[in-house]
Amino acid sequence: PIYSSAILRQKGIPHRLLEGIILTHVHADHDGGCFQMLLEEKRLMLITTPTIFNSFLRKFCALSGYHADFLRQLMVYQPVVIGEPFQFMGAAFVFHYSLHTIPTVGFQAFYAGRSIAFSGDHLNHPDTFQCLFDK
C-alpha cells in the first residue's frame with residue numbers, strides 16, 4: 001500500500017528484513033508503496049509477470065519522468081510464469097490470473113506443510129459476473 005515505508009518504520013520493522021515485493025497489479029493502492037520503497041530503500045526483488053512489470057515501468061516512467069533504465073537499476077526483477085511454481089525464501093508460490101479490470105495475479109504459497117491463497121484483488125460486481133455467466 002501507499003506509505004508502506006512509513007508504516008514499517010512506525011511498526012519498528014527494519015527494511016533490511018524485506019527481500020522482495022510481489023506486485024499483483026498496477027493500481028495505486030497496490031503499487032504506490034512499492035515505487036516509494038524502491039526510491040527510498042535498498043534494491044528489492046520485484047516479483048510479478050512480464051505484463052505487469054512492463055505496465056509498472058510505463059506508469060512510473062510517465063509519473064516520475066525517470067527513464068526506464070534508471071528504474072530498472074532500483075530493483076531486481078524476478079519474472080514469474082502463471083501456473084509454474086516459483087521458489088522464494090523456502091516457500092513455493094504458484095501464480096494465477098485474477099478476475100479484475102486490468103492484468104492481475106493472485107497466488108497460492110506453500111511452506112512447511114501449510115498454505116495460503118491471495119486473490120491479488122478482485123472484481124466484486126455481481127452484474128459483471130452475471131454477464132460473464134450468461135455468455
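**Strands, helices and their cut-offs**

Colleague: What is the bridge partner of Q108 in β7?
Modeller: A117 is the partner of Q108. This is a predicted model: local features need pLDDT of at least 70, side-chain atom pairs count only at pLDDT 80 or more, and totals for chains, interfaces and linings use all residues. Residues are numbered from 1 along each chain as its sequence is written, and side-chain values use heavy atoms, leaving out hydrogens and water.

Colleague: What makes β6 and β7 a pair?
Modeller: Two strands pair if DSSP finds at least two bridges between them. Strand β6 (residues 105-111) and β7 have five, so they pair, in the antiparallel sense. Their hairpin has two residues between the strands, and A112 there takes a positive phi near 50°.

Colleague: Why is β7 said to lie largely in the open?
Modeller: Buried means under 20% relative accessible area, exposed over 50%, partly exposed in between (1.4 Å probe, protein chains only). Of the five residues of β7 (residues 114-118), zero are buried, so the strand lies largely in the open. Over the chain of 135 residues, 36% count as buried.

Colleague: What counts as a helix or strand, and how many are there?
Modeller: Both are DSSP runs, numbered from the N terminus: helices are H or I with at least four residues, strands are E with at least two. The chain has five helices and seven strands.

Colleague: Which strands are the edges of the open sheet?
Modeller: The order is β1-β2-β3, with parallel pairing. Strands β1 (20-22) and β3 (75-79) each pair on one side only, which makes them the edges. Strand β2 (residues 44-48) meets β3 over five bridges.

Colleague: How do you know which way α2 runs against β2?
Modeller: From fitted axes. These are lines through C-alpha atoms, for helices over the stretch in contact, with angles from 0 to 180 degrees between N-to-C directions. Helix α2 (residues 28-40) makes about 155° with β2. It touches β1, β2 and β3, where contact means heavy atoms within 4.5 Å. Helix α3 (residues 50-64) lies across β2 and β3, at about 150° to β3.

Colleague: Why does the length of α3 agree with what it should span?
Modeller: The expected span is 1.5 Å times one less than the number of residues. For the 15 residues of α3 that gives 21 Å, and the end C-alpha atoms are 21 Å apart, so the values agree. G65 follows α3 with a positive phi near 85°.

Colleague: What puts the buried residues of α3 on the same side?
Modeller: They are I52, F53, F56, L57, F60 and C61. Their arc, taken from the directions from the helix axis to the C-beta atoms, is only 165°, so they share a side of α3. R58 and A62, on the other side, are exposed. The buried set packs against α2, β2, α4 (68-73), β3 and β6.

Colleague: Why does S5 count as buried?
Modeller: S5 has 0% relative accessibility, so it counts as buried. It sits in helix α1 (residues 4-10). Beyond neighbours within four places in sequence, S5 contacts H15, Q36, M37, E40 and E41. S5 and Q36 are 31 residues apart in sequence, yet 7.4 Å apart in space, C-alpha to C-alpha.

Colleague: What joins the side chains of S5 and E40?
Modeller: A polar contact of 3.1 Å. The term needs a pair of N or O atoms within 3.5 Å; within protein, one must be able to donate a hydrogen and the other to accept it, and residues adjacent in sequence count only if both atoms are side-chain atoms. At 3.1 Å, the S5–E40 pair falls within 3.5 Å.
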